[in-house]
Structure formats: structure tokens, C-alpha cells
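Trainee: I have a structure open and would like to talk through it. Can we start with how some helices pack?

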Amino acid sequence: MTHTVLDYPQTRRTDTVDMLHGIEMPDPYRWLEDIDSEQTQAWIAEQNRLTFGYLSQIPAQEQIAARIAELWNYEKYDPPFKRGGRYFFTRNDGLQNQNVLYWIESLEDQPRVLLDPNLLSEDGTVALTSYAVSEDGKLLAYGLSTAGSDWQEWRVREVDSGQDLEDHLEWVKFSDASWAPDNQGFYYSRYDEPEEGTEYKGANYYHKLYYHRIGTSQSADELVYAQPDQKEWGFGGQVTEDGHYLVITVWIGTHRENGIFYQELDTGNGPVVELLADFDALYDVIGNDGPIFYCLTDLDAPMSKVIAIDITQPDPENWREVIPESEDALQTVSLIGDRFVATYLHDAHSLVVVFDKAGNTVREVELPGIGTVVGFYGRQADSETFYLFSGFATPGAVYHYDMDSGKATVFRQPELNFDPEEFVTDQVFYPSKDGTPIPMFISHKKGLEIDGNTPTYLYGYGGFNIAMTPQFRVSSLVWMEMGGIYAQANLRGGGEYGKPWHEAGMKLKKQNVFDDFIAAAEWLIEKGYTCQSRLAIAGGSNGGLLVGACMTQRPDLFGVCLPVVGVLDMLRFHEFTIGWAWTSDYGSPEDPKEFTALLAYSPYHNLKPGTSYPATLIATGDHDDRVFPAHSFKFAAALQAAQAGPAPVLIRVEVDAGHGLGKPTSKLIEEAADLWAFVAHQMGITLRMGSASGQH
């Protein structure tokens, strides 16, 4: 296509230089890290003027936005859970900015609103990010996030009256709540109040676990556990179902390995006992029978297993294997109705198996097809549970599951304005650079003519043990309606095949992840799906790093690049908010060997002036306190300066938005429409989307 020559805002360069391991590292756009300064705010405004001006001139933008909104407008449910004989779940009627929390006494009841976050802000930027219901089902502790921040404020609401109590907790981050068995208070974790002006930028250290008693001020909260000599330790407190123990999960950043401590609650809050303190594996306490703790672990089991630990005889030689390791990666285990419900990944899609307490297989849960399952929440005494199943063209339906009979029935199924049967998903395996077979899902409309020129959107992540499984996204569906192929690669670094798969894409092996993604692109071209000019790559967060690294290593391979809220400066990521925690996956710039590996792929540092880069739309939020937005600011400035080709380089900065947590529906639709309009414009796509012709 013919590109309009853009007049980019002039971005000031400075002579800032760091000396790292004997190497001079210029950082000319360091000043953009001061995100609240007048100069940076002016730069954001100029860039947004250019970007939104460009996007508004694309004829298809409004049509795409309208179709996304049309398809987005269907009921969405999360699987219910039960407390005190009551069921609690969230629902969105279609286009509500935030999901609404409801409760019912019986499954036939008319749902009653418990909390509607849409009433808390005019623009939908206040989100319900976490909540916990007391054991008697009468009190709700809930956390709210504003403008996409990871910071939460917690309050308490009476379920019956819908009225808030006076309780108000601040500076809570990376925390759920767990109620004490007497329903008089709950456990939660927080950081100290940050210095003014550093709330969205300063590093987060010294997490602390507290107990809050209902009706008291936060200043009176009881400090349950802290470790002043371990600033990187974080804590999650969970009361066991029988109320006898507080289980404390101790995490260090994003390391797989964690510790498990506990406190006896029925002896007047005894001392904290360090049960598993070697940080030698992943441990997740599923539940307990008195002093027998059931744990999901990858100790000597790369695909994970379930063990039983008697805390009165805690030495490893006394541990008992309950569910052995299998060939599939064991993701989650619930203890419901005196049975274990185990969710596995089989070639990156869900497989669910029910076991008895002795570890014998009871049955496999029949699923509607290849997709992803979430849910199976419940207690040992429950005879029922719920789960949600979704796929690339299958929006989430919630099923009620009878633990005794194994019968699944639809609890809520959305009415749709499209036909899922019109779409098809295939799974292929392609060789990476080193010959490793990599799975990839390929989805598109049935009957699509694939001729080597088909617009293709390749999505990936590849990090932090996170698996990219089949998920329903309205935006992906719209892309397929536009005549595009949606491809999702299951790169190393993720959790698709357990610990070995994760570790094959970490630290000094991180280049494997980029090789896997580049190989996916080459395979799609070689097999006649698409061509360079009609291939877009995209990813968010760690996936934004993926896109940035691949486009700087192979600018000749892609037509369009979309790095979203990306980690793009690999020499300073650890300086901001929770970035220090990612050294578990990336390595540390302060380690000489790891520094060399990081420098080799850091997108910001590998842009070469005079290179013809693909059309690029960078996206971030001005309040992103997970991946500091200056990553995107600096990369955009450097890419605009380096670009020698005609393709546009734009940055879209969402105001009053963060990393994506609780982003309102209206903003999600606007962003998706802008990204698709940009891609379609660069590829010269003539729209051929359908529109709703009735319910299916």
C-alpha cells in the first residue's frame, strides 16, 4: 500500500549514558521516565494527536468499532461459588463497562445485585478486582482498582442490606482476602504507603500480611507476618476450610518456587511455622484433612503432581504421593465433595479428571470440544460445582456439575448474534530454529480461501509459565469475520508443557522464545497461508517484549507489529514498580552474563537507524503500574527516530488506564477497533464482515 509520510513530533534527545559492566549505554530518552512532568505530558498529547488523527482517517474504523460492539453485546457470566448456603457470581449484560456481582439463595432465584462497579465512576474506570465472602455468606470484602492501577482499596459490605460498613483499607496490592472462621475479620496483604509522587513508579518491596477486624480502622490491623530482612518476599494468607489453620504462601517475585508457612488459629494464633522453607519447588495447598495438607507441586515432577504432607511429621520421607505426575501438565486442583478435580493441559487445551481421595481415577469430565476450562470452585462438603468452557469461536458457557453423578448441565449460556459453527480451529506443530516442535492454533471462517495472501494475525506470549490456551475474544472473531486468519503460537517460556517448557524460555534461553515466534511466521508464509506484507504480529506485556524483540531482529519478516503494554527496555525494567520480580524469567541486568543476554534482545537497545521497520502501533496506558509506560514511550521515540522506511510508527497512550486490569468495556472496544483499523489499513484489506442477522 501507499504510505502517507508522517510528520512525527520532535522528541528531545539527551546525552544520558550509563556505564554497565564496562560498556557505555546511551539512554537519550531517559527523560520520558518522568511520566508526570510537563514535558512528558506534552509529548504524550502530541503523539496521541498524531495517532488518533491518523486512525480517524481510516474509513473502516467506525464500521469495525460498530461490529465489535455488536458482537460484544451478549451476556457474560463467571462460574458461581457457594458460601453460607448462598451462590455468588458476576454477570455482564453485554456492554456494561464492568461486571456486576450478584447473589442468589437457590439456583432458580432471580439474581440480586450485591455490587455494581458501574455506579462508582462515570467512565467505568473503577473496577471490582477481587472479593471474598465470609463463611456465613453475610459479609463481602471487596477490592476496587481505579484507572487500571494494581493498587486496590478494600471495603466491606453487608450482603442482605447491600450497605457498606465503615471499614476502609488502602495500599493493598497483589492480595486477595480470606475470612477468619468466626466471620469477624479477614487476612490480606499490603505494602507500606509509598512516598508522594512515587505511587505509580516506585519499586514495591516489603509486602506484609495483616488481619483486619471488622469495625476497626486500618491503623489497628494486626501484623500477622513480615520478613524485614527479605524485601522481595510477598505473602498470601488463606484460612483452611476447617478454620484450624492460616496457610501462608510465600512468593519471591515471579519465581515458580515458593514457600509454605502456617499458623494454628484454634490455639489463640500460635507461632508461624515454616513448613516448606527451601524454595526448591512450586507448592500450592489445595486443602486439608486435619493435619494432612494436600499440595500441588512440581518437586521431582516437571509436569506436577499432588502429595499429602502430615504437618505433625513434615519431613519429606513421610510425604505421600496422591496423584502421580502424568504426560500432561497439571495446572490446578480443587478439593470438592471429597474428591480432587484436576485440570490438565493436553497440547495447550483443557482436560479435566476427577480423582478420589486415594488418588484413583473416578472419571474424566466430558468437555464440548477443544477449549479452556476455568472454575471448579468449592468446598469438601459440596456436592456441586460450576465451570466455564470457552474456545476461539465459543463464548463462555457456565455448566453446573454434579460431583456424585458426574452430570453436567448448562447453568447459563449466552445468546449470540453469530454462529460459532461458521468458524474452524486446527492445531498444527511446526519446527523452531533448533528443531523443537511448537504447537500453534489456527482459526478462521469455514470456507476461507487461503491463497498465500490471506491476512494473518499471529499472537504469542512465551513467558512466566503462562499457557496460551483457546480463549474467546470478540476482537479475534471480528478479525476472522474480516477474512483474516487468527494464529496463536504456544511458545517456550509458557506453561503448556510444564516446568521444562517454561525453563526452556527463561533467562539465558530467552532467545528460544523469539526463535519460536519467528519460526511460526516463517512457517505460515512457507505453507502458503500468508505473505510478509499481510502478516501482523501482536502480544501484550511480556508478549509486547516478544513483538519488540522479533521486529528488531527480523524487520523484513512482518507487515504490521502491535506491541501492547510491552517490556521494552531490558536494562531498566527492574527499576520500576514490580519489575524487579521479573528477574526470575529475564535474568538481572546487574549480572554480567544475564546482562549480555538481555542487551542482545532488548528492543529499545537494538533499534538500528536507517532500517526499514514494519508499520507499528504501540499501545500503553498512562497509569500502567505493572509495566511502567516509559518502556513504550522510549521505544516509540527511538523507533520513530530510527525508521528509514515509509511505514508509520505510532503510539496510542490510553488516558486513565493501566496494564489492562479492570479496563472498561468501552475502552476495550475502542482499542480493539483502532488496532484492527490500523492493521486493515496497512494490509489494504477490503472489509467483508457480516452483521447480526438474528440470534443463533
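**Helix packing and cysteines**

Mentor: Helix H3 and helix H10 cross in a right-handed way. Keep in mind that this is a predicted model.

Trainee: Which residues make that contact?

Mentor: From H3 come Ser475, Ser476, Val478 and Trp479. From H10 come Ala672, Trp676, Val679 and Met683.

Trainee: What is the angle between H3 and H10, and how far apart are their axes?

Mentor: The angle is about 25 degrees, and the axes of H3 and H10 are 10 Å apart. H3 covers residues 474-481, and H10 covers residues 665-683. The two helices are therefore roughly parallel to each other.

Trainee: Why those two numbers?

Mentor: Packed helices are described by the angle between their axes and the distance between the axes.

Trainee: Okay, now H2. At what angle do H2 and H3 pack?

Mentor: About 125 degrees, with the axes 9 Å apart. That makes H2 oblique to H3. The crossing of H2 and H3 is right-handed.

Trainee: Which residues meet there?

Mentor: H2 brings Ile64, Arg67, Ile68, Leu71 and Trp72. H3 brings Val474, Leu477, Val478 and Glu481. By class, the contact of H2 with H3 has seven nonpolar, no polar and two charged residues.

Trainee: Is H3 buried or exposed?

Mentor: Buried. Eight of the eight residues of H3 are buried, so H3 is largely enclosed by the rest of the structure. Trp479, Met480 and Glu481 are among them.

Trainee: What do the buried residues of H3 pack against?

Mentor: Two helices, H2 (61-72) and H10, are on the list. The strands are E32 (423-431), E33 (437-445), E34 (456-459) and E35 (485-489).

Trainee: What follows H3?

Mentor: Glycine 483 follows H3, and its phi is positive, near 95 degrees.

Trainee: New topic. How many disulfides are there?

Mentor: Zero, in a search of the whole structure. Take cysteine 531, which is in no disulfide. Its nearest cysteine sulfur belongs to cysteine 561, 14 Å away.

Trainee: And what about cysteine 561?

Mentor: Cysteine 561 is in no disulfide either. For cysteine 561, the nearest cysteine sulfur is that of cysteine 550, 8.7 Å away. A disulfide needs the sulfur atoms within 2.5 Å.

Trainee: Is cysteine 561 buried or exposed?

Mentor: Cysteine 561 counts as buried, because its relative accessibility is 0%.

How values were computed:
Residues are numbered from 1 along each chain as its sequence is written. This is a predicted model: local features need pLDDT of at least 70, side-chain atom pairs count only at pLDDT 80 or more; totals for chains, interfaces and linings use all residues. Side-chain values use heavy atoms; hydrogens and water are left out. Axes are lines fitted to C-alpha atoms, for helices over the stretch in contact, and angles run from 0 to 180 degrees between N-to-C directions. Helices (H or I, at least four residues) and strands (E, at least two) are DSSP runs, numbered from the N terminus. Angles under 35 degrees count as roughly parallel, over 145 as roughly antiparallel, 65 to 115 as roughly perpendicular and the rest as oblique. A crossing is left-handed if the near helix is turned anticlockwise from the far one by less than a right angle, and right-handed if clockwise. Contact means heavy atoms within 4.5 Å. Buried means under 20% relative accessible area, exposed over 50%, partly exposed in between (1.4 Å probe, protein chains only). Ala, Val, Leu, Ile, Met, Phe, Trp, Tyr, Cys and Pro count as nonpolar, Asp, Glu, Lys and Arg as charged, and the others, Gly among them, as polar.
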